[in-house]
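Please look over the structure below before reading the notes on its nonpolar cores and salt bridges.

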Amino acid sequence: MTFPDRFQDLSNVREVPDHQEAFADPNRDESLIVELLELKQEVADEGSAVWFLQDLAREQDAEGGMMIEQSGVLEVPGLCYRSIPAVVTSAVGQTAISKGRQGREAQNIVRVYLANLRLKEVGTDVLITAYEPVVISPFSESAGTVGAGVVSPAEQSGCMPMAEVFKLSVSSFKVNDWSLFSA
């Protein structure tokens, strides 16, 4: 997967679960997470990204979730197992969430980009999730680094916008060793 060098591997800073890879740009409080999950058979392909985005919002006790856009189902010919392409959907939402164990008073407004790459032949849903802060609460631990209030656009900082980072990450994702998925 390709993404800008400004994203640092979080496993060098804190423990990251074995089924995840997590990267962050601490200067912008943006993050990118890749997660391998058991395929959710009961979730339809066309609604899978939205389902996972809503599930994530519930998990993070998010408030005021709002869907911004949803893609149709795309097949990714470059990501195939035994010549069967992955099925990819994506969704973008905006919500208020707190970092870590901070309370509701520390909630930031965050845009969340989520893609679900369904690798049905190996029983896996691959989630690629990108977080982009829109407004930082003055009570958030992020305020000390990024500053409170409306976050300046990435372009003003000379950075690739998160929407582009997300598209690049999803479109460049590939599996180098399919044997990782065998039991």
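The notes below cover the cores and then the salt bridges.

This is a predicted model, in which local features need pLDDT of at least 70, side-chain atom pairs count only at pLDDT 80 or more, and totals for chains, interfaces and linings use all residues. Residues are numbered from 1 along each chain as its sequence is written, and side-chain values use heavy atoms, leaving out hydrogens and water.

**Nonpolar cores**

- A nonpolar core is a set of buried Ala, Val, Leu, Ile, Met, Phe, Trp, Tyr and Cys residues joined through side-chain atoms within 4.5 Å; buried means under 20% relative accessible area, exposed over 50%, and partly exposed in between (1.4 Å probe, protein chains only).
- The largest core has 25 residues, and Leu79, Leu117, Leu119, Ile128 and Phe173 have the most contacts inside it.
- Phe173 touches Leu79, Leu117 and Ile128, among others, not counting residues up to four places away in sequence; contact means heavy atoms within 4.5 Å.
- A second, separate core has 17 residues, including Val16 and Tyr131.

**Salt bridges**

- There are nine salt bridges, each a side-chain nitrogen of Lys or Arg within 4 Å of a carboxyl oxygen of Asp or Glu.
- Asp45 pairs with Arg118, with the closest N and O atoms 3.0 Å apart.
- Asp45 also pairs with Lys120, at 2.7 Å between the closest N and O atoms.
- Arg118 is buried at 3% relative accessible area, Asp45 is buried at 16%, and Lys120 is partly exposed at 41%.
- Arg6, Asp25, Arg28 and Glu30 are linked in a network of salt bridges.
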